[in-house]
Amino acid sequence: LRLSALGVEDRKGAWLVLSSEMVDRFGAASASFYASKGLLRRFSSVHEAATELEKLSLEGLEQTIEEYVSSWRSGEPDTFGKDYYPSGGTLRDTAEYWIALITPALHYSMGGLRISPSAEILRKRGESGSSFTAIPGLFGAGEVTGGMHGANRLAGNSLLECVVMGRIAGERASSVSLKPLPPLVSDQWTESRVRSINSTDYHGYKTTYLELPSALHEVNVPAGQRFKIRSQKHGGVAVPNLAVGTRGVIALLTPKDYPGVYPGAKVDILMLEPRARASEPTVNGSSVTVITSEDRAFDTLQTLRRGAENLSAVFFLLLEDAIVPDNSLLPGVQFSTARVESITALLVHLSKRGPEEEVIVAVNADARSVLEGEIERENVVYVESPEKKECPWD
């Protein structure tokens, strides 16, 4: 029974009044629990309740009970619109009254600071705010953070969030070192943990984000630098790095069904020796077509980032074994790809490109020997890989 603070000077809140029968219908065990916490109080009469509860007026309580019982008898809604009275007649004659003061309470805060999967507090990168970067050495977990549950959370998930993200935040905070950290080297395996995976399928590959030994560890390697990753279920596979200049996390492009790589899994990574480079081509125009195999696309992207100031569009023709490159390496440049499975398909694509458009062919030596005899056009530059590998086509 809500009493809307009748006879009460402090109008913050309302009173809940239950008869013994109402308590039985509500659940005696639950009522006893709330009573043990001091939230519900038991009284033998309304006089005792008004005496013990200073803010509760005896006249107001008796008058409202009478109005409630009258509404129950008539079947008419009361002043609050209530028209259902399963135990309405018991309020006047009951062994005990159970009374509680009802006030608003903050149950759980859904909003808060944005965090990464490694529990790092994030801030906006630049004025646009379209991307975020981690604040070095600052971590968060629990209700101080937001976005973990979306618009609302499932009951009990706040404890799960505190346990999981609190553990991650603690582990990463303990990894922070104020001493200079050694760079990743090419002759030493580094312990890491998979923190998150972007499930987007890049022709059989996915982006896997791995934590470095320290949250302040800088990744001073270029995009396209090859690493070897091994798990407890697999001896290792060579994959390219995607991100440039990140801190505490490295992004690798791993096979979609690579065993033992899942969020939370411990893995080892090894930076491979840089591959020998041929002379880098100079791009003068605004549009370029790139023909590539294996993971040579990343090396070519580095070339384009360094030497193509006027570039506005890149079209990648990917051979059978080529990995789709990350277009974030060329911000503001129109980016498109096509996978070709035959010489004929490749030549058809090239025939649709403007005759003046520059073409970069970044393939292994065997593939180059095949393509040189088939591509008949000007403005073609070949960037040969020193590695030997059979051409995917006969």
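Predicted model: local features only at pLDDT ≥ 70, side-chain atom pairs only at ≥ 80, totals over all residues.
Biologist: How many aromatic pairs does the whole structure have?
Modeller: A search of the whole structure gives 3. One of them is F33 with Y34: the ring centres are 5.5 Å apart and the planes stand at 65°, so the pair is edge-to-face.

Biologist: And how do the rings of F316 and F335 sit?
Modeller: Their centres are 5.6 Å apart and their planes are at 45°, so that pair counts as tilted. F316 belongs to strand 13 and F335 to strand 14, so the pair ties together parts 19 residues apart in sequence.

Biologist: What accessibility does F316 have?
Modeller: F316 has 0% relative accessibility, so it counts as buried.

Biologist: In which sense does strand 13 pair with strand 12?
Modeller: Parallel, over 6 bridges, with strand 12 covering residues 287–292. V288 stands opposite V314 there. Strand 14, residues 334–339, also runs parallel to strand 13 and is joined to it by 6 bridges. On that side, Q334 is the bridge partner of A313.

Biologist: Switching to the sheet of 3 strands, what is the order?
Modeller: The order is 1-3-2, in an open sheet with antiparallel pairing. Strand 1 (14–19) and strand 2 (41–43) are the edge strands, each pairing on one side only. The average twist is 30° from one strand to the next.

Biologist: How many bridges link strand 2 and strand 3?
Modeller: There are 3, and strand 3 spans residues 97–102. R42 is opposite W98 of strand 3.

Biologist: Now a lysine. Is K206 buried or exposed?
Modeller: K206 has a relative accessible area of 10%, and under 20% means buried, so K206 is buried. K206 is in strand 7, residues 205–211.

Biologist: What does K206 touch?
Modeller: Leaving out residues up to four places away in sequence, its contacts include I197, N198, T200, L252, L253 and V261.

Biologist: Last one: which ring faces do R114 and R230 lie over?
Modeller: R114 lies over the face of F132, 4.0 Å from the ring centre. R230 lies over the face of W189, at 3.8 Å from the ring centre.

Note on methods:
Residues numbered from 1 in each chain as written. Heavy atoms only, no water. Pairing = 2+ DSSP bridges. Helix = DSSP H or I, 4+ residues; strand = E, 2+ residues; numbered from the N terminus. Axes fitted to C-alpha atoms, helices over the stretch in contact; angles between N-to-C directions. Buried < 20%, exposed > 50% of the residue type's maximum accessible area, 1.4 Å probe, protein only. Contact = heavy atoms within 4.5 Å. Phe/Tyr/Trp six-rings, centres within 6.5 Å; stacked < 30°, edge-to-face > 60°. Lys NZ or Arg CZ within 6 Å of the ring centre and 35° of its normal.
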